Amino acid sequence: DLELTEGYAKEDIEKVKELFGALPKVLEDFWGEAGSTRQLHEGQDRWIRPQDFQTEEWLKNSEYLILLNENQVCCQAGIRRADLAETDPPVYVTMDRQNWTVCAGSVSEFLQSVLSYEAVFAFSYQADDFVRWLTEDELKVIQSKLKKKTYELHGWIEMDMSFYSNCYDHMVVVMDCGDLEVIYGAASEKAYEKLMEVMEGIGEA
């Protein structure tokens, strides 16, 4: 549980703004209010911190303001320099730092998606084999019994992700990489038992 959120120092955020010329308001607000919260940095992938732009040349020189680096450094997400003056611009993803595609239509959607994805890794209760193969018929069961979130994430490690949940303390992430995969988890035993009323028997290890 996030009992207390913590933001980055204003001077560190201002240094990034000086370096890039502008920052989207949505990103600046997130950094200032919650970006430094410890639990966010204990997840699957690496959130880029404002202070990282002062020490890592590849971040300074990129045509994108990088927000997230995949844990094996094979995928990055960021905002185009040309879009940084917008309030809530799209976020792009790359696997080679040369070819970029849109992964979320806005910073807001990106944050919602990634935080939902990372939450599953942090939940105390998860499927024993974690990642499971999913059939189209099993996906229909999930779609009929859980509410689909309005946000999505496209192209992260070459997968398109959709999110399903009926409550704040559990999450199901469906990942389409040509085949369908699913990960899911819950914050408490009670929430997991409730989730398993839907997910029991769904997916193959």
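In the predicted model, the mean positions of the 19 positive and 40 negative charges of the chain lie 5 Å apart. Twelve salt bridges are present in the structure. The accessible surface of the chain amounts to about 10,600 Å², and carbon and sulfur atoms account for 46% of this area.

Among the salt bridges is the pair E14 and K17, whose closest N and O atoms are 3.8 Å apart. Both residues belong to helix α1 (residues 10–20), where a spacing of three residues places them about one helical turn apart. E14 is partly exposed, with a relative accessibility of 26%, and K17 is partly exposed at 24%.

A salt bridge also links the side chains of K60 and E57, with an N to O distance of 3.4 Å. These residues are three apart in helix α3 (residues 57–61), about one turn of the helix. K60 has a relative accessibility of 23% and is partly exposed; E57 is likewise partly exposed, at 47%. R46 counts as partly exposed because its relative accessibility is 32%, whereas D52, at 2%, counts as buried.

The chain comprises six helices and eleven strands. The C-alpha trace spans about 50 × 35 × 30 Å along its principal axes, and 48% of the residues count as buried. Of the contacts between residues at least 6 apart in sequence, 51% join residues at least 24 apart.

Methods. Residues numbered from 1 in each chain as written. Predicted model: local features only at pLDDT ≥ 70, side-chain atom pairs only at ≥ 80, totals over all residues. Heavy atoms only, no water. Helix = DSSP H or I, 4+ residues; strand = E, 2+ residues; numbered from the N terminus. Buried < 20%, exposed > 50% of the residue type's maximum accessible area, 1.4 Å probe, protein only. Contact = heavy atoms within 4.5 Å. Areas by Shrake-Rupley, 256 points an atom, 1.4 Å probe, with all protein chains shown as cover. Lys, Arg positive; Asp, Glu negative; His and termini not counted. Charge placed at Lys NZ, Arg CZ, Asp CG, Glu CD. Salt bridge = Lys/Arg side-chain N within 4 Å of Asp/Glu carboxyl O.
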